[in-house]
Amino acid sequence: MSFSIAELLAQHSTDKFELHEKHLNNQMVRVLKTIGYDRNYKRAKGQYLYDEHDNEYLDLLSGFGVFAIGRNHPSVISALQETLTLELPNLVQLDVSILSGLLAKELLTTTPDNLDKVFFCNSGTEAVEAAIKFARYTTKRSKIVYCEHGYHGLTMGALSLNGEHIFREGFGPLLPDCVAVPFNDLAALEKALSNKDVAAFIVEPIQGKGVNLPDDSYLPEVERLCKKYGTLFVADEIQTGIGRTGKFWAIEHWNVKPDMICMAKALSGGFVPVGAVAMTHHIMDSVFNRMDRAVVHGSTFSKNNMAMAAGLASLEVIKAENLVENSAKVGEDIIRTLNAMSGKYEFLKEARGKGSMIAIEFNAPKSLSLKAAWVMLETANKGLFCQMITIPLFKEHRILTQVAGHGMNVVKLLPPLILTQKDRDHIIQSFEKTIADTHQVPGSIWDLGKNLASHALKNKKN
């Protein structure tokens, strides 16, 4: 039998949008075509994507943070190729695997010293589901507290902790006993915990939707309050972890020790889905407390050899190439340089973040002509101004970025941790040119703005 993926790709090189329109989510194709992102990418290397004409694009989205070490890293490819040729027993199920034990051991060298057990799964949302179940079983409580505007995944349990209404709408009823509190509000948190009936408080150290940073006292006080009221403190590091913020774990910025850390995204270098929860032995031993409960929670494909090998190789790359340090250095430089522009450009409010998790926020200007243009966009659809940043960045400068969340004027950068000085310069120059263009009213970029507003108003009517 002759079967070739390369031949399949060659035969269908121009079919991807048609295939998706017929057999998958056609609304995604409509979005891409509407905003002009319908490119035929042919290859990828490191922080770059290449289209059919070999144009190079700097990817500051990195698959929502998955490709922290860049795409198609040769060390991970080599590890996966080697794993495939070894003819290893895989997913025997009534057995335990060497590679999962090694990856767990390696991960626990990076976590706070109170965490000494690991549970593997297939994704970030599965890690959150596990944390919910483990917290409930360990504490014998049902209530879970989470933060407004938080994001923890889209399966039913994780969705019940999702602070963004658009993701929840129409999917209820959701998990009961889930209570939202404002992020960075200790008084609200203590009130929610004070009845001593909360199993866990789950929080992103830095919120992904908007890149919202806590006060320096927030997470240390979260840890103290959780201990005071017998609540497990769960850090969702699915996006912030594994070097993203210039520390291996974002919690290191505040020197806190949660009871569980949820992780995924960058863990396998983007090759094989993998998630995990690091936890105290007390939690692990509480859930798996008897031999007949040895399989009370798990997943068929978790701990598969390919995922574990990819995880081990990715951690080695991060260490060998000093990517955590590079994330901190380049990211801080980008934030500082963009902030220095705020005095020149009325629309630019601030850049913020840590390491390579960066937000650039825009706000209403004071000048009358600029304010009128801003109001026109905001009336059509709140947060539309950012599309006037991201679309020109892509079309004119070949930089792929994203809006940080629904209804907000924040552009978010989640680049690979391997950015160079050349990449940094390209980012700064492209952002400055694009921001400067938005201050020319009328101008070509505002023709784009009018088209965006027209589309938004048309969608509202429909």
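How many disulfides does the structure hold? It holds zero, a disulfide being a pair of cysteine sulfur atoms within 2.5 Å. C226 is in no disulfide, and the nearest cysteine sulfur, that of C147, lies 10 Å away.

This is a predicted model, in which local features need pLDDT of at least 70 and side-chain atom pairs count only at pLDDT 80 or more, while totals for chains, interfaces and linings use all residues. Residues are numbered from 1 along each chain as its sequence is written, and side-chain values use heavy atoms, with hydrogens and water left out.

**The sheet**

Helices (H or I, at least four residues) and strands (E, at least two) are DSSP runs, numbered from the N terminus. Seven strands form an open sheet with mixed pairing, in the order β4-β10-β9-β8-β7-β5-β6. Two strands pair if DSSP finds at least two bridges between them. β4 and β6 are the edge strands, each pairing on one side only. Neighbouring strands of the sheet are turned by 20° against each other on average, direction ignored; the axes are lines fitted to C-alpha atoms, for helices over the stretch in contact, and angles run from 0 to 180 degrees between N-to-C directions.

| Strands | Sense | Bridges |
|---|---|---|
| β4 and β10 | antiparallel | five bridges |
| β9 and β10 | antiparallel | four bridges |
| β5 and β6 | parallel | four bridges |

In β10, A278 stands opposite V118 and also opposite I261. Five of the five residues of β10 are buried, that is, under 20% relative accessible area, where exposed is over 50% and partly exposed lies in between (1.4 Å probe, protein chains only).

Strand β6 (residues 178–181) includes C178. Leaving aside residues up to four places away in sequence, C178 touches I144, Y146, S160 and L161, where contact means heavy atoms within 4.5 Å. C178 and G311 are 133 residues apart in sequence and 32 Å apart in space, C-alpha to C-alpha.

**Helix α6**

In α6 (residues 98–108), the buried residues are L99, S100, L103, A104 and L107. They are on the same side of α6 because they cover an arc of only 135° around the axis, the arc being that of the directions from the helix axis to the C-beta atoms. The face turned away from this buried side carries the exposed residues I98 and K105. The buried residues of α6 pack against β4 (117–121), β9 (260–263) and α13 (305–320). On the sheet, α6 touches β4, β9 and β10 (275–279), and its direction makes about 125° with that of β4.

**Nonpolar cores**

A nonpolar core is a set of buried Ala, Val, Leu, Ile, Met, Phe, Trp, Tyr and Cys residues joined through side-chain atoms within 4.5 Å. The largest has 64 residues, and F120 and F201 have the most contacts inside it. Helix α13 gives the most to this core, with eight residues. Beyond four places in sequence, F201 touches residues including V145, Y146, C147, Y218, C226 and F233. A second, separate core of 49 residues includes L61, F385, L393 and W446.

C226 counts as buried because its relative accessibility is 1%. C386 is also buried, with a relative accessible area of 0%.
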